[in-house]
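Here is a short briefing on one chain.

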Amino acid sequence: MRTLLFTGPGGSGRTTTAAATALTAAREGTRTLLLGTDRTDTLGPVLGDAATPHLTVRRVDPDTDFRTDLAALQDRAASALDLLGASRLDPEEIAPLPGAEELAVLRALRDAALPKPEEEAYDLVVVDLPPTPRALSLLALPEELRRYLRRLLPPERQAARALRPVLGRLAGVPMPAEWLYGTAARLDLELAAVEAVLADRDTLVRLVAEPGPSGADAVRAAALGLALRGLRVDALVATRVLPESEAGGWLAGPVAQQRKTLEEWQESYAVHPVTHLGRDPRGGDDLAALAVPGAGAEPGAGAEPGAVSWPVTDSAADDGVLVWHIPLPGARRDELDLIRRGDELVVTAGPFRRIVPLPSALRRCTVDGAALREGALRVRFRPDPELWPRTR
């Protein structure tokens with residue numbers, strides 16, 4: 001199954017492009033799920049009366065999911081709540097908290113990619129993600145939450161549950177209850193499943209932006225944030241492109257501006273221009289007239305499906321260092337920052353930050369410097385004589 005994640009700056013035609021891609025694939029006979037993540041039904045007006053037997057449209061419902069999750073949590077913690085004399089919340093008085101919408105989107109993505117035996121399976125899942133800043137935060141959530149869970153409730157502590165009452169008496173404080181570890185373990189499994197979907201080689205990100213100065217800035221920031229998360233841009237859909245035949249009069253300036261941006265994008269991406277229809281696309285005929293790239297469009301030159309690799313090259317025999325290559329297209333030296341924290345590396349690129357565990361070989365090394373060259377951050381590590389295996 002292939003998963004296409006659509007994102008881009010707000011107002012760029014992201015939802016329209018995602019709907020057109022899903023509709024085209026379904027009309028070609030591909031079993032397609034179009035997943036909307038907006039609280040309001042933005043896909044409905046775009047699709048209009050367009051219908052095809054192979055297309056399923058689904059919208060994430062964070063309210064229902066949050067109520068269901070909280071009700072289940074109250075059931076599992078019933079004994080603790082009764083002991084504290086707490087009264088349970090009724091479903092009617094539960095309102096979603098911040099972050100519930102993002103979790104609902106991730107769950108819907110996981111369920112679509114990994115359906116249960118009794119559920120319908122799809123060949124293609126098209127996800128209309130939120131605008132880029134929110135989308136990047138959403139895509140970072142599984143890894144970040146799993147890291148927090150491992151720090152706050154390490155799985156190895158659960159193995160000593162038989163000793164927990166004794167430890168509690170010795171420490172003088174109550175130890176975490178069994179249900180808490182069980183809840184953390186279930187959440188970790190769910191987040192791991194989402195991470196597996198995002199890291200799958202058939203999961204691709206498709207950027208949507210209108211060519212121009214603001215669109216170029218948004219694309220650079222999006223590509224940087226996605227690369228830091230190890231996700232590759234499959235294609236860049238340039239929307240509302242003005243026809244060259246209309247380059248006369250007052251349109252000459254906008255047409256030239258778009259042409260310049262498109263030429264710059266084509267140096268780095270597989271760009272698919274979508275002509276401006278002169279109106280907001282509505283319905284099947286308009287979506288077909290956009291002629292968006294198909295779900296199986298070839299990636300750009302040199303690109304491969306799947307997650308971006310961060311290879312380690314061994315130059316110890318030549319200059320005594322190992323080099324970790326971190327692709328960061330569009331990054332600038334003055335917006336990069338690196339911090340070594342134990343067996344982790346904190347990488348900051350512009351407004352984005354990621355904490356990544358070091359490969360096993362690099363954990364026995366000290367950081368020897370870093371340089372940004374040809375769109376990749378190259379971090380040098382020198383083996384620590386006290387930790388590195390010695391050869392005779």
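Two strands count as paired if DSSP finds at least two bridges between them. The model is predicted. In this model, 5 bridges join strand β5 (residues 203-209) to strand β6 (residues 233-241). The two strands run parallel.

**Chain overview**
- The chain holds 13 helices and 14 strands.
- Of its 392 residues, 43% count as buried.
- The accessible surface is about 20600 Å². Carbon and sulfur atoms make up 53% of that surface.
- Among contacts in the chain with a separation of 6 or more, 70% come from residues 24 or more positions apart.

**The sheet**
- Seven strands form an open sheet with parallel pairing, in the order β3-β2-β4-β1-β5-β6-β7.
- The edges are β3 (55-59) and β7 (271-275). Each has a single partner strand, so one side of each has no neighbour in the sheet.
- Neighbouring strands of this sheet are turned by 20° against each other on average, with direction ignored.

**The β5-β6 pair**
- β5 and β6 stand side by side in the strand order.
- Which residue of β6 is the bridge partner of Val 208? The partner is Val 237.

**Helices across the sheet**
- Helix α10 (residues 213-228) lies across β5 and β6. The helix runs at about 165° to β5.
- Helix α11 (residues 252-265) lies across β5, β6 and β7. Its angle to β6 is about 170°.

Note on methods. Residues numbered from 1 in each chain as written. Predicted model: local features only at pLDDT ≥ 70, side-chain atom pairs only at ≥ 80, totals over all residues. Heavy atoms only, no water. Helix = DSSP H or I, 4+ residues; strand = E, 2+ residues; numbered from the N terminus. Buried < 20%, exposed > 50% of the residue type's maximum accessible area, 1.4 Å probe, protein only. Contact = heavy atoms within 4.5 Å. Areas by Shrake-Rupley, 256 points an atom, 1.4 Å probe, with all protein chains shown as cover. Axes fitted to C-alpha atoms, helices over the stretch in contact; angles between N-to-C directions.
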